[in-house]
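Subject: Structure for your review

Dear colleague,

Please find the structure below, together with its sequence.

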Amino acid sequence: MITRRRAFLQENIIIAASKTPLTWQQQLSMAIRDPQVLCDRLGLSSQWLAGAQTGHALFDVCVPDAYLNRIAYADLNDPLLRQVLPVDKEALTPPGYVADPLEESGHQPAKGLIHKYANRVLLIASPTCAINCRYCFRRHFPYSDNAPSRAQWQEALDYLRADTSIHEAILSGGDPLAANDRQLAWLVDQLEGIPHIKRLRVHTRLPVVIPDRVDDALLAWLSNTRLQKVIVLHINHANEIDQAVIDACTRLKQTGVTLLNQSVLLRGVNDNVTTLATLSERLFEAGILPYYLHVLDPVQGAAHFDVADSEAKELIAELRDHLPGFLMPRLVREIPGKGSKTPL
Ligand SMILES: *Cc1c(COP(=O)(O)O)cnc(C)c1O
Ligand code: SF4
C-alpha cells in the first residue's frame, strides 16, 4: 500500500515537472541516491551493480538529473560517469590512503572554521553537496560535527573579528551553495560587518551540477555585498560545461564576480593533454579562468583515481605547448603542515 502510494506521489511529481520548471531545491531533493536507479537510468549492465552497492555503502551515491543528462548512455568510460559511479575498488585500503589526508581536524579554532593559511580562512557553510564525487577528499569528513547553527557561528565570527590579519573569508563545505540563500545572506552580512575582511570567496560545484542554483535569490545577495567576490568552480572535464552552465556563469558574472576553476587530475577522467587543453578552452568560453589543477589527495577509497606526480608534471609540461599562459592551471598538491598549496 505504502509503495503504491509512493509510486503515485512520484508520478505526480513527474507530471508537475513537465508543467513548471523545478527549483534547484526540488532538483536536489529528487537526485538519484540509489545505485540500482543510477545503473538503470544509464543502461549499465547489472554486473556493475554489486560494485556500485559496495562503494555506496562507504560513501552515498548522489547524482541530480541535471548532471546525469550530460552522461552518455551505456558508456562505462564516460568521464562524468566515472566521477559519480561507486565502484568496488573504493573498498581497497592501500597504505598511505587515509580518512583525513589534509589533517584539517587539527586547524579548527571554532566550529565550522578552518584556519591553515595566512590572511584567509575556510568556513564550512554547508555540510552537504549536490553531488557526491567519488574522489572527494572530504568523503570521511565528520560533517555532523561541523554544521554550525546561527548561535554557533558567533564563535567563528568572534575569531574573525579578533584577528585583523584575515582579509578573506572562503565559504566551503560540503558545498556552501547547498545552504539556503537566507542563511548565506545572513552569514555574508555578518562578514561584511568585519572591517578587515575585504574578499568573499565561494568554492562550489553547484552552478555546474544544477545550473538553476544560480537563481534570483542567490544573485540578490551576491549583487548587494560590499565585499570583492570570487567564485571558484570545480569542473574536471569539458563535457560538464553545457549551455545551461554557460548561462549560469553569465548571470554570475553580471554581479561582478570573478570566476575561477579548480580541477582534480583524475585517472580515467582527464589524465591526458587533449582533455586538459579542451577543458581550459571550454572554461574560457564560459568566462572562467583555470586556477588550480590538484593532484589527488590520498583519501581512502579513491586510490584508483591516482596519477603519479611524475606523470602529472609531464602532462603539464606538454600542456604548455597547447595553451596560452593565462589558460594554464597551476599544478599543486596540498601537503599537511605547509602554509600554502605546494606547486609541483
Ligand atoms: C586551499 C585552501 C585555502 C585557499 O588557498 P588558496 O591557495 O588561496 O586558493 C584556504 N584554506 C584552506 C584550509 C585550504 O585548504
Ligand atoms: S562537490 Fe566537492 S566537496 Fe562535494 S563531494 Fe564533490 S568534490 Fe567533494
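I begin with a detail of the backbone. Asn 119 has 12 C-beta neighbours inside 10 Å and therefore counts as exposed, since the limit for that class is 12 or fewer. Please bear in mind throughout that this is a predicted model. Asn 119 sits in the loop that links β1 and β2, and its phi is positive, at about 70°, although the residue is not a glycine. A second residue that is not a glycine, Ala 74, likewise has a positive phi, here of about 55°. Ala 74 belongs to the loop between α5 and α6, and it counts as exposed because it has 10 C-beta neighbours inside 10 Å. As background, most residues other than glycine have a negative phi, and most peptide bonds are trans. The peptide bond between Gly 173 and Gly 174 is cis, with omega about 20°. Gly 174 is part of the loop running between β3 (168–172) and α8 (181–192).

Turning to the overall arrangement, the chain is divided into domain 1, residues 2–91, and domain 2, residues 104–343. Their C-alpha centres are 24 Å apart. Contacts between the two involve 22 residues of domain 1 and 23 residues of domain 2. On the domain 1 side, the elements giving two or more residues are α2 (24–29), α4 (49–58), α5 (65–68) and α6 (81–84). By class, the residues on that side of domain 1 comprise 14 nonpolar, three polar and five charged.

The largest nonpolar core contains 85 residues, of which Leu 123 and Ile 131 touch the most other members. This core lies between the domains, because domain 1 and domain 2 both give residues to it. Beyond its neighbours within four places in sequence, Leu 123 is in contact with Gly 112, Leu 113, Ala 156, Ala 169, Ile 170, Leu 171 and Ser 172.

Helix α4, already named at the domain contact, has Ala 52, Gly 55 and His 56 as its buried residues. These cover an arc of only 105° around the axis, so they are on the same side of α4. Ala 50 and Ala 57 are exposed on the other side of the helix. The cover over the buried residues of α4 includes α3 (35–41).

Ligand 1 is surrounded by Ile 114, Lys 116, Tyr 117, Arg 120, Leu 122, Ile 170, Ser 340 and Lys 341. At least two residues of this shell come from each of β1 (113–117) and β2 (120–124), with β1 giving the most, namely three. The shell around ligand 1 is made up of four nonpolar, one polar and three charged residues. Ile 170, one of its members, is also among the contacts of Leu 123.

Ligand 2 has around it Cys 129, Ile 131, Asn 132, Cys 133, Cys 136, Arg 138, Gly 173, Gly 174, Asp 175, Arg 205 and His 234. Four nonpolar, four polar and three charged residues form this shell. Both partners of the cis peptide bond, Gly 173 and Gly 174, are included in the shell around ligand 2.

With kind regards

Note on methods
Residues are numbered from 1 along each chain as its sequence is written. Chains are lettered from A and ligands numbered from 1 in the order in which they are written. This is a predicted model: local features need pLDDT of at least 70, side-chain atom pairs count only at pLDDT 80 or more; totals for chains, interfaces and linings use all residues. Domain bounds come from an automatic or database domain assignment. Two residues are in contact if their C-beta atoms, placed from the backbone, lie within 7 Å. Helices (H or I, at least four residues) and strands (E, at least two) are DSSP runs, numbered from the N terminus. Ala, Val, Leu, Ile, Met, Phe, Trp, Tyr, Cys and Pro count as nonpolar, Asp, Glu, Lys and Arg as charged, and the others, Gly among them, as polar. A residue is near a molecule or strand if its C-beta atom, placed from the backbone, lies within 6 Å of it. A nonpolar core is a set of buried Ala, Val, Leu, Ile, Met, Phe, Trp, Tyr and Cys residues joined through C-beta atoms within 7 Å. A residue is buried if 20 or more other C-beta atoms lie within 10 Å of its own, exposed if 12 or fewer, and partly exposed in between; C-beta atoms are placed from the backbone. The arc is that of the directions from the helix axis to the C-beta atoms.
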